[in-house]
Amino acid sequence: MKLLRSTGSVLQRLLRSPGSALALLFLLGITLAAILADLLPLNPYAQKLVNALNGPSAANWFGTDEVGRDILARVVFGARTSLLTAAGAVAIAAVIGVPIGLVAGFFGGWRDATLMRFVDVLLALPAILFAMAMIAVLGRSQVAALIAVGITGIPSFARITRAQVLSLRRRDFVTAVEAFGGSSAYNMFRTILPNSWSPIFVQIVVLCSVAILLEAALSFLGVGVAPPTPSWGEMLRTGKSYLHEAPYYAVLPGIVLTLTILSFDVIGRSLAGILENRSEVATPAKAGGAP
Amino acid sequence: MKNGFFRPLKLLGLALFAAIAPIGATLVTPVAVEAQELKGGTLRVGLLADMTNYDPQQFSTVNFHLIKNLYDSLIEYTPEGEAVPSLATEWTINADNTSVTLKLRDDVTFASGGKFSSADVVATLEKAANPDLGKNVFGTMAIVKDWAAPDATTITINFKAPVPTKQITDLLQFMIPIEAAGIATVETVPAGTGAYLLADRAVGQGLTMKKNPNYWRDNEPILDEIVFTIFADDAAASAALESGSIDMVYGSTARNAVRLQDAGYQVIRGPGSLVQVFRINATRAPFTNEKFRQAFNYIMDREGMVKVAYAGLGTVVALPWAPASPAFDEAYTAEFAYNMDKAKELFAASGLSAAEMSDWKMLVFGNDEPGVVISQIVQNALAEAGINIELDVRQGAEYTDALLGGDFWATFGAVGNAQKFPSRMATNSIYRTAKNPVLKDPHPFPDYVAAIDKVNATSGPEDAVKAAYAELNRVLVTDSFAVPTNTVDTGLIVASDKLGGFTLDIDNLLVARTIGFK
């Protein structure tokens, strides 16, 4: 109930900013389109060679591609590819990165040094290069792209969580839980973690935009999702070859991709501002009760 | 007011031009005009891929801009396929077509300064006949028994059996002499008699050639220097051409060529088109089933493929021959036109279940845009027939390894020698009769091997030759281990209108020695 109230309050503050409200509305639209794509009268695979590279019209609002497929349909179904990849990648990054940061920050010492050097190694590798190497090993598929992008996101979650844990580790309420006999696991997951969510949540939003961009970049380079599965990056890759004859082919998916990334960034920045101001610290009782 | 004053003068000028133009046209032939007016200078050429090496026996399309500029052939073909002298001034085939004797030029020197002689041709033949060194020429040497060089300007090549004349001239045209002393290092140091000399090369970026001052052809080459620059893709190369940074693009895609032609650029199409072929690994299920393979003849929307993937540049074919080939048969194109009903009948007649028919992936070369497009067209047509397959898109060497190693179910890949003697088709990996990397040994289609042997062994009379070609064509569509779809222009040239003097090579190699600035 409290969580709902808190979320409602954050949402209200987000909607107060016209930029954030627009971004939220756009993302809501894209997400709904991606989820309900199968119910829409759109087929991203139906070819009609005689209609190849037709410009925008009443029948095909975004025009048609090189084999006569509806570009709007491919943009809508491409949203599903991008958002699913982003969601999966962020989940992988958070599920692995957050515990790493939690353990490293909480225990310190050799565990901190070992885990953070591992994170440093991941951080030292250029994300796109690392993702391409991963895909070379795993093969070209949406799952491979998702895993590759997810792994490149681990360091940011680990570092942010660790920084947050370090700032909370010596706070009185943590020491109090320890004094009452709370185990390390209890302290980490029931006391510290609930108070670290704000920056992690912001990072989730920011990484969504990075993941979408990275997935598009992989597809653009020809190692992402294989055709004919619709993907924004793949559309950009193919569309750039037709820039003279059919500029809309690359430009329209490019605009949708740009707006999506921009929307995530705008929301991420607004959230960071809102959550920073909410410096309230949850006590163990607030976070879930005494040990 | 000013326009009104000049208009009568303009009209007068036009009238005068119209009056004298026909006189000029009757006095000077277009060729003579070009020969007189073309000037030297530096030609800047855009390429879309880097070369592999300087060995002219490694006949890869990425080396097509080098071979006929750094080397010369023993003989050449005109665009119509007529054999003409080059390093060999004459060639005499004996009465029973079992040997050919060549007279070589005695005024030719190699890039090193060494004099060209029959010893160099012998060294080149030895390399070609060596299975480890002969590369693309090795297969062509299968008909050769031995050779002899009685003097420095004469060489005789003996064949194992009577060989059709066209096959003999094909061999001579394919034979590009390498200096004997340079054979061992030819991959890294060019050793030819060509019109140009290698000046320098930057790996992945390009190379420069300088005029050969000792070249043996009169008044050639015209250009002083050629600078080749490698571009990441055709769009970048085309943009460079349009901005004036380069003078021509060699190896342009059909789509960009058509667009630039509409914008006023010259597009030069050679006679040596390739044929796009849907290569099938008939040793892997479900392609071991003959009816299943045959259905692919009907599932190819060839007209649509040429239109959308090749911007209309290309001819629909159902056999691996370009229309200029002696074995080309138009009737097959009509008989094997796109026919979904017929394809479905054959799929049903195969006796395979839907799951069995869908249990394979189509290998796709991701760097080849038209290849990706036509693969998707086939995938879509198969889905219409109830066969749902995935595309296995691979890039660069990963694809080439799979293709040449036969590690695929089916894939599109163009084949060369489509307009030469029909059995030359067997130099392409999927059509090899022995050591076929896809179909392996022993060849699973002995009737195909027999048909090729028959073509090789039939030098006359004309009816017998035609019957041999007809049998080969019948076997090709029956066995259906390769399903041709359309001709593909390789080595397309898109050039600024200030260039002239293009020589069309039978294989569409770049011949720069006659090119100059107007």
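What percentage of the 518 residues in chain B is made up of buried residues? Buried residues account for 54% of them, where buried means under 20% relative accessible area, exposed over 50% and partly exposed in between, with a 1.4 Å probe and protein chains only. This is a predicted model, in which local features need pLDDT of at least 70 and side-chain atom pairs count only at pLDDT 80 or more, while totals for chains, interfaces and linings use all residues. Residues are numbered from 1 along each chain as its sequence is written, chains are lettered from A and ligands numbered from 1 in the order in which they are written, and side-chain values use heavy atoms, with hydrogens and water left out.

The overall form of chain B comes next. Its secondary structure comprises 17 helices and 20 strands; these are DSSP runs, helices being H or I with at least four residues and strands E with at least two, numbered from the N terminus. The C-alpha atoms of chain B occupy a box of roughly 80 × 75 × 50 Å along the principal axes. Of the contacts in chain B with a separation of 6 or more, 71% are between residues 24 or more positions apart, a contact being heavy atoms within 4.5 Å. Chain B has an accessible surface of about 21,100 Å², and carbon and sulfur atoms contribute 55% of this surface, as computed by the Shrake-Rupley method with a 1.4 Å probe.

Aromatic rings are a further topic. Over all chains there are 22 aromatic pairs; rings of Phe, Tyr and Trp (its six-membered ring) pair if their centres lie within 6.5 Å, and planes under 30 degrees apart count as stacked, over 60 as edge-to-face and the rest as tilted. One of these pairs joins Phe106(A) and Phe107(A) edge-to-face, at 5.2 Å centre to centre and 85 degrees between the planes. Phe106(A) is buried at 5% relative accessibility, whereas Phe107(A) is partly exposed at 31%. In chain B, the ring centres of Tyr215(B) and Trp216(B) are 5.6 Å apart and their planes lie at 50 degrees, so this pair is tilted. Tyr215(B) is buried at 9%, and Trp216(B) is buried at 10%.
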